[in-house]
Amino acid sequence: MKNSAKVGLFVLIASLLFFATIYFIGSARNLFGNTIHLKSNFKNVTGLKIGNNVRFSGINIGSIKSIEFVSDTIVLVNFIIKKEVQKYIKTDAFATISTDGLMGDKILEIAPGTATAKHVEENNYIRAAKALEIGDLMKSLKVSIDNAALITNDLAQFTKKINNKNGTLSKLLNDESMATAITNTLSNVETTTQQIAVFSKKLNNNDNVLSKLVNNKRLAQTVDTTINNLHTTTQNLNETIKAAQSNFLLRGYFNKKKKEAKGKK
(Lines give C-alpha, C1' and ligand atoms only; values in the text may rest on other atoms or scores of the structure.)
Protein backbone atom coordinates (compact mmCIF):
# COMPACT_ATOMS: atom_id res chain seq x y z
CA MET A 1 0.00 0.00 0.00
CA LYS A 2 2.81 2.36 0.84
CA ASN A 3 4.59 1.58 -2.40
CA SER A 4 1.42 2.27 -4.39
CA ALA A 5 1.00 5.61 -2.62
CA LYS A 6 4.58 6.56 -3.42
CA VAL A 7 4.17 5.61 -7.06
CA GLY A 8 0.91 7.55 -7.25
CA LEU A 9 2.47 10.60 -5.65
CA PHE A 10 5.44 10.41 -8.05
CA VAL A 11 3.14 10.17 -11.07
CA LEU A 12 1.08 13.12 -9.80
CA ILE A 13 4.16 15.30 -9.28
CA ALA A 14 5.57 14.30 -12.67
CA SER A 15 2.25 15.12 -14.35
CA LEU A 16 2.10 18.51 -12.65
CA LEU A 17 5.65 19.29 -13.72
CA PHE A 18 4.89 18.16 -17.28
CA PHE A 19 1.77 20.34 -17.57
CA ALA A 20 3.55 23.28 -15.94
CA THR A 21 6.40 22.94 -18.44
CA ILE A 22 3.95 22.74 -21.34
CA TYR A 23 2.13 25.80 -20.01
CA PHE A 24 5.28 27.92 -19.63
CA ILE A 25 6.66 26.86 -23.02
CA GLY A 26 3.27 27.48 -24.60
CA SER A 27 3.04 30.91 -22.98
CA ALA A 28 6.52 31.80 -24.16
CA ARG A 29 5.68 30.72 -27.70
CA ASN A 30 2.17 32.10 -27.66
CA LEU A 31 0.53 28.69 -28.01
CA PHE A 32 -2.23 29.88 -25.72
CA GLY A 33 -4.26 33.06 -25.97
CA ASN A 34 -5.34 35.16 -28.95
CA THR A 35 -2.75 35.42 -31.72
CA ILE A 36 -2.58 36.31 -35.40
CA HIS A 37 -0.37 34.82 -38.12
CA LEU A 38 1.95 36.95 -40.24
CA LYS A 39 4.49 36.16 -42.96
CA SER A 40 7.68 37.56 -44.39
CA ASN A 41 9.94 36.56 -47.30
CA PHE A 42 13.72 36.61 -46.87
CA LYS A 43 16.63 35.80 -49.14
CA ASN A 44 18.69 34.59 -46.20
CA VAL A 45 17.62 33.46 -42.72
CA THR A 46 21.00 32.29 -41.40
CA GLY A 47 20.67 31.22 -37.75
CA LEU A 48 16.90 31.77 -37.46
CA LYS A 49 15.05 28.76 -36.00
CA ILE A 50 11.50 27.72 -35.29
CA GLY A 51 10.52 28.94 -31.83
CA ASN A 52 12.84 31.96 -31.85
CA ASN A 53 11.36 35.19 -30.55
CA VAL A 54 9.60 37.91 -32.53
CA ARG A 55 10.35 41.32 -31.05
CA PHE A 56 8.65 44.69 -31.44
CA SER A 57 10.02 47.89 -29.83
CA GLY A 58 12.30 45.75 -27.64
CA ILE A 59 9.45 43.53 -26.33
CA ASN A 60 8.88 39.88 -27.21
CA ILE A 61 5.46 39.68 -28.84
CA GLY A 62 5.52 36.29 -30.57
CA SER A 63 7.57 33.45 -32.00
CA ILE A 64 8.61 31.82 -35.27
CA LYS A 65 6.12 29.12 -36.30
CA SER A 66 7.71 27.73 -39.44
CA ILE A 67 10.48 28.33 -41.98
CA GLU A 68 10.14 26.94 -45.50
CA PHE A 69 11.51 27.38 -49.00
CA VAL A 70 9.41 29.15 -51.60
CA SER A 71 12.12 29.05 -54.28
CA ASP A 72 15.89 28.74 -54.49
CA THR A 73 16.20 32.44 -53.58
CA ILE A 74 13.22 33.05 -51.25
CA VAL A 75 12.57 31.65 -47.76
CA LEU A 76 9.11 32.09 -46.21
CA VAL A 77 9.03 32.77 -42.47
CA ASN A 78 5.67 32.24 -40.73
CA PHE A 79 5.30 33.73 -37.28
CA ILE A 80 2.61 34.44 -34.74
CA ILE A 81 2.17 37.54 -32.59
CA LYS A 82 -0.12 38.54 -29.75
CA LYS A 83 -3.46 39.87 -30.85
CA GLU A 84 -3.13 42.81 -28.46
CA VAL A 85 -0.18 44.31 -30.38
CA GLN A 86 -1.80 43.93 -33.81
CA LYS A 87 -3.02 47.54 -33.76
CA TYR A 88 0.57 48.84 -33.40
CA ILE A 89 1.98 46.99 -36.40
CA LYS A 90 1.15 48.80 -39.64
CA THR A 91 1.03 47.48 -43.19
CA ASP A 92 4.16 49.45 -44.08
CA ALA A 93 6.18 47.97 -41.19
CA PHE A 94 9.25 45.88 -42.02
CA ALA A 95 11.01 42.89 -40.48
CA THR A 96 14.72 42.22 -40.00
CA ILE A 97 16.68 39.28 -38.64
CA SER A 98 19.03 40.31 -35.85
CA THR A 99 20.84 38.81 -32.86
CA ASP A 100 19.56 38.81 -29.31
CA GLY A 101 22.59 40.39 -27.69
CA LEU A 102 26.15 39.88 -28.89
CA MET A 103 26.21 36.08 -29.00
CA GLY A 104 22.51 35.30 -28.49
CA ASP A 105 19.96 33.54 -30.68
CA LYS A 106 18.65 35.06 -33.85
CA ILE A 107 15.36 36.96 -33.51
CA LEU A 108 12.87 38.50 -35.89
CA GLU A 109 12.52 42.23 -35.22
CA ILE A 110 9.56 44.22 -36.50
CA ALA A 111 9.94 47.95 -36.99
CA PRO A 112 6.72 50.00 -36.77
CA GLY A 113 5.38 51.71 -39.86
CA THR A 114 3.77 55.11 -40.15
CA ALA A 115 1.03 56.00 -37.69
CA THR A 116 -1.45 56.85 -40.47
CA ALA A 117 -1.21 53.44 -42.17
CA LYS A 118 -3.68 50.60 -41.47
CA HIS A 119 -2.77 47.85 -39.03
CA VAL A 120 -1.99 44.34 -40.28
CA GLU A 121 -4.58 41.59 -40.59
CA GLU A 122 -4.42 37.79 -40.39
CA ASN A 123 -1.85 36.26 -42.81
CA ASN A 124 -0.59 39.63 -44.03
CA TYR A 125 2.94 39.86 -45.41
CA ILE A 126 5.48 42.09 -43.68
CA ARG A 127 8.16 43.36 -46.05
CA ALA A 128 11.64 42.16 -45.21
CA ALA A 129 14.74 44.29 -44.87
CA LYS A 130 18.16 42.84 -45.56
CA ALA A 131 19.98 41.93 -42.37
CA LEU A 132 23.60 42.95 -41.88
CA GLU A 133 25.64 39.78 -42.26
CA ILE A 134 29.14 39.13 -40.90
CA GLY A 135 30.42 38.91 -44.48
CA ASP A 136 29.07 42.37 -45.28
CA LEU A 137 30.56 43.68 -42.05
CA MET A 138 33.96 42.22 -42.92
CA LYS A 139 33.82 43.74 -46.42
CA SER A 140 32.99 47.13 -44.93
CA LEU A 141 35.80 46.72 -42.40
CA LYS A 142 38.25 45.82 -45.18
CA VAL A 143 37.29 48.94 -47.14
CA SER A 144 37.82 51.05 -44.00
CA ILE A 145 41.24 49.46 -43.42
CA ASP A 146 42.25 50.04 -47.06
CA ASN A 147 41.17 53.69 -46.81
CA ALA A 148 43.13 54.07 -43.57
CA ALA A 149 46.21 52.64 -45.32
CA LEU A 150 45.84 55.15 -48.17
CA ILE A 151 45.46 58.03 -45.72
CA THR A 152 48.54 56.85 -43.79
CA ASN A 153 50.54 56.69 -47.03
CA ASP A 154 49.41 60.20 -48.01
CA LEU A 155 50.37 61.51 -44.56
CA ALA A 156 53.80 59.89 -44.88
CA GLN A 157 54.37 61.56 -48.26
CA PHE A 158 53.14 64.89 -46.89
CA THR A 159 55.52 64.60 -43.91
CA LYS A 160 58.37 63.76 -46.26
CA LYS A 161 57.65 66.87 -48.35
CA ILE A 162 57.55 69.01 -45.21
CA ASN A 163 60.94 67.67 -44.12
CA ASN A 164 62.40 68.42 -47.56
CA LYS A 165 64.55 71.53 -47.05
CA ASN A 166 63.95 72.70 -50.62
CA GLY A 167 60.17 72.70 -50.21
CA THR A 168 58.29 75.97 -49.80
CA LEU A 169 56.44 74.78 -46.70
CA SER A 170 59.69 73.57 -45.15
CA LYS A 171 61.24 77.01 -45.77
CA LEU A 172 58.23 78.68 -44.20
CA LEU A 173 58.65 76.53 -41.11
CA ASN A 174 62.46 76.50 -40.86
CA ASP A 175 63.93 79.46 -42.81
CA GLU A 176 64.21 82.44 -40.43
CA SER A 177 64.88 84.96 -43.24
CA MET A 178 61.70 83.95 -45.08
CA ALA A 179 59.75 84.07 -41.84
CA THR A 180 61.13 87.60 -41.23
CA ALA A 181 60.18 88.67 -44.77
CA ILE A 182 56.63 87.37 -44.30
CA THR A 183 56.43 89.16 -40.94
CA ASN A 184 57.56 92.44 -42.56
CA THR A 185 55.07 92.00 -45.39
CA LEU A 186 52.25 91.44 -42.94
CA SER A 187 53.39 94.47 -40.96
CA ASN A 188 53.34 96.60 -44.14
CA VAL A 189 49.88 95.31 -44.99
CA GLU A 190 48.74 96.23 -41.48
CA THR A 191 50.22 99.75 -41.83
CA THR A 192 48.58 100.23 -45.23
CA THR A 193 45.28 99.06 -43.80
CA GLN A 194 45.56 101.55 -40.96
CA GLN A 195 46.33 104.35 -43.42
CA ILE A 196 43.34 103.42 -45.55
CA ALA A 197 41.21 103.44 -42.39
CA VAL A 198 42.47 106.96 -41.51
CA PHE A 199 41.83 108.14 -45.07
CA SER A 200 38.31 106.68 -45.01
CA LYS A 201 37.66 108.39 -41.69
CA LYS A 202 38.78 111.75 -43.11
CA LEU A 203 36.74 111.16 -46.24
CA ASN A 204 33.65 110.51 -44.14
CA ASN A 205 34.24 113.66 -42.10
CA ASN A 206 31.46 116.12 -43.09
CA ASP A 207 33.82 119.10 -42.65
CA ASN A 208 36.14 117.74 -45.33
CA VAL A 209 35.94 119.45 -48.78
CA LEU A 210 36.04 116.14 -50.63
CA SER A 211 33.34 114.74 -48.37
CA LYS A 212 31.20 117.83 -49.09
CA LEU A 213 31.72 117.35 -52.81
CA VAL A 214 30.61 113.72 -52.48
CA ASN A 215 27.77 114.14 -49.99
CA ASN A 216 26.57 117.78 -50.24
CA LYS A 217 24.17 117.93 -53.19
CA ARG A 218 23.91 121.75 -53.13
CA LEU A 219 27.69 122.17 -53.25
CA ALA A 220 27.95 119.62 -56.02
CA GLN A 221 25.30 121.49 -58.03
CA THR A 222 27.20 124.80 -57.44
CA VAL A 223 30.46 123.27 -58.70
CA ASP A 224 28.66 121.80 -61.69
CA THR A 225 27.07 125.19 -62.49
CA THR A 226 30.45 126.97 -62.16
CA ILE A 227 32.08 124.51 -64.57
CA ASN A 228 29.24 124.99 -67.06
CA ASN A 229 29.62 128.79 -66.78
CA LEU A 230 33.37 128.55 -67.40
CA HIS A 231 32.71 126.42 -70.45
CA THR A 232 30.18 128.94 -71.77
CA THR A 233 32.54 131.85 -71.09
CA THR A 234 35.35 130.07 -72.94
CA GLN A 235 33.09 129.51 -75.94
CA ASN A 236 32.03 133.17 -75.94
CA LEU A 237 35.66 134.29 -75.70
CA ASN A 238 36.61 132.10 -78.66
CA GLU A 239 33.76 133.57 -80.67
CA THR A 240 34.85 137.11 -79.73
CA ILE A 241 38.43 136.42 -80.87
CA LYS A 242 37.18 135.03 -84.17
CA ALA A 243 35.00 138.11 -84.67
CA ALA A 244 37.95 140.42 -83.91
CA GLN A 245 40.08 138.58 -86.46
CA SER A 246 37.43 139.25 -89.11
CA ASN A 247 37.24 142.96 -88.28
CA PHE A 248 39.00 145.12 -90.94
CA LEU A 249 40.54 147.38 -88.27
CA LEU A 250 42.28 144.53 -86.46
CA ARG A 251 42.85 142.22 -89.43
CA GLY A 252 46.26 143.72 -90.18
CA TYR A 253 47.37 143.20 -86.57
CA PHE A 254 46.45 139.49 -86.57
CA ASN A 255 48.05 138.94 -90.01
CA LYS A 256 51.26 140.51 -88.72
CA LYS A 257 51.23 138.14 -85.71
CA LYS A 258 50.75 135.12 -88.02
CA LYS A 259 53.75 136.18 -90.16
CA GLU A 260 55.91 136.59 -87.08
CA ALA A 261 54.91 133.16 -85.86
CA LYS A 262 55.79 131.61 -89.22
CA GLY A 263 59.12 133.40 -89.21
CA LYS A 264 60.03 131.97 -85.83
CA LYS A 265 59.23 128.46 -87.07
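Tutor: Two strands count as paired if DSSP finds at least two bridges between them. Strands (E, at least two residues) and helices (H or I, at least four) are DSSP runs, numbered from the N terminus. Here S5 and strand S8 (residues 127-128) pair in the parallel sense over two bridges. Within that pairing, Ala-95 stands opposite Ala-128 in S8.

Student: What should I know about the model itself?

Tutor: This is a predicted model, in which local features need pLDDT of at least 70, side-chain atom pairs count only at pLDDT 80 or more, and totals for chains, interfaces and linings use all residues. Residues are numbered from 1 along each chain as its sequence is written, and side-chain values use heavy atoms, with hydrogens and water left out.

Student: How many helices and strands are there in the protein?

Tutor: The protein has seven helices and eight strands.

Student: In what order do the eight strands form the sheet?

Tutor: Read across the sheet, the order is S7-S1-S4-S3-S2-S6-S5-S8. The sheet is open and its pairing is mixed. S7 and S8 are the edge strands, since each pairs on one side only.

Student: Which way do S5 and S6 run, parallel or antiparallel?

Tutor: S5 and S6 run antiparallel and are joined by six bridges. Phe-94 stands opposite Ala-111 in S6. Elsewhere in the sheet, S1 and S7 run parallel, joined by two bridges. There Lys-39 stands opposite Tyr-125 in S7.

Student: How do I read burial, and what share of the residues counts as buried?

Tutor: Buried means under 20% relative accessible area, exposed over 50%, and partly exposed in between (1.4 Å probe, protein chains only). Of the 265 residues of this protein, 17% count as buried. For the total surface, accessible areas come from the Shrake-Rupley method with a 1.4 Å probe, and for residues only the protein chains shown count as cover. The protein exposes about 20700 Å², and 60% of that is supplied by carbon and sulfur atoms.

Student: Which residues of the largest nonpolar core touch the most other members?

Tutor: A nonpolar core is a set of buried Ala, Val, Leu, Ile, Met, Phe, Trp, Tyr and Cys residues joined through side-chain atoms within 4.5 Å. The largest one here has 22 residues, and Val-54, Phe-79, Ile-81, Ile-89 and Leu-108 touch the most other members. Two or more residues come from each of strand S1 (35-42), S2, S3, strand S4 (75-82), strand S5 (94-99) and S6. S4 gives the most, with four residues.

Student: What does Ile-81 touch?

Tutor: A contact means heavy atoms within 4.5 Å. Not counting residues up to four places away in sequence, Ile-81 touches Asn-34, Thr-35, Ile-36, Leu-38, Val-54, Ile-61, Gly-62 and Ile-89. Over the protein, among contacts between residues at least 6 apart in sequence, 57% join residues at least 24 apart.

Student: How many salt bridges does the structure hold?

Tutor: The idea is a side-chain nitrogen of Lys or Arg within 4 Å of a carboxyl oxygen of Asp or Glu. The structure holds one. In this salt bridge the side chains of Arg-55 and Asp-100 meet at 3.2 Å, N to O. Arg-55 lies in strand S2 and Asp-100 in the loop between S5 and S6, so the pair ties together parts that are 45 residues apart in sequence. Arg-55 is buried, at 16% relative accessible area, whereas Asp-100 is partly exposed, at 32%.

Student: Where is Asn-52, and is Asn-52 buried or exposed?

Tutor: Asn-52 sits in the loop between S1 and S2. Asn-52 is buried, with a relative accessible area of 10%. Leaving aside neighbours within four places in sequence, Asn-52 is in contact with Gly-47, Gly-62, Ser-63, Ile-64, Asp-105 and Lys-106. A polar atom of the Asn-52 side chain lies 2.8 Å from the backbone oxygen of Lys-106.

Student: Which residues other than glycine have a positive phi?

Tutor: Ser-57 is one of them, with phi near 55°. Ser-57 lies in the loop between strand S2 (53-56) and strand S3 (59-69), and counts as exposed at 56% relative accessibility. Asn-123 is another, with phi near 65°. Asn-123 is in the loop between strand S6 (106-111) and strand S7 (124-125), and is partly exposed at 38%.

Definitions and conventions. Polar contact = N/O pair within 3.5 Å; in protein donor to acceptor, adjacent residues only side chain to side chain.
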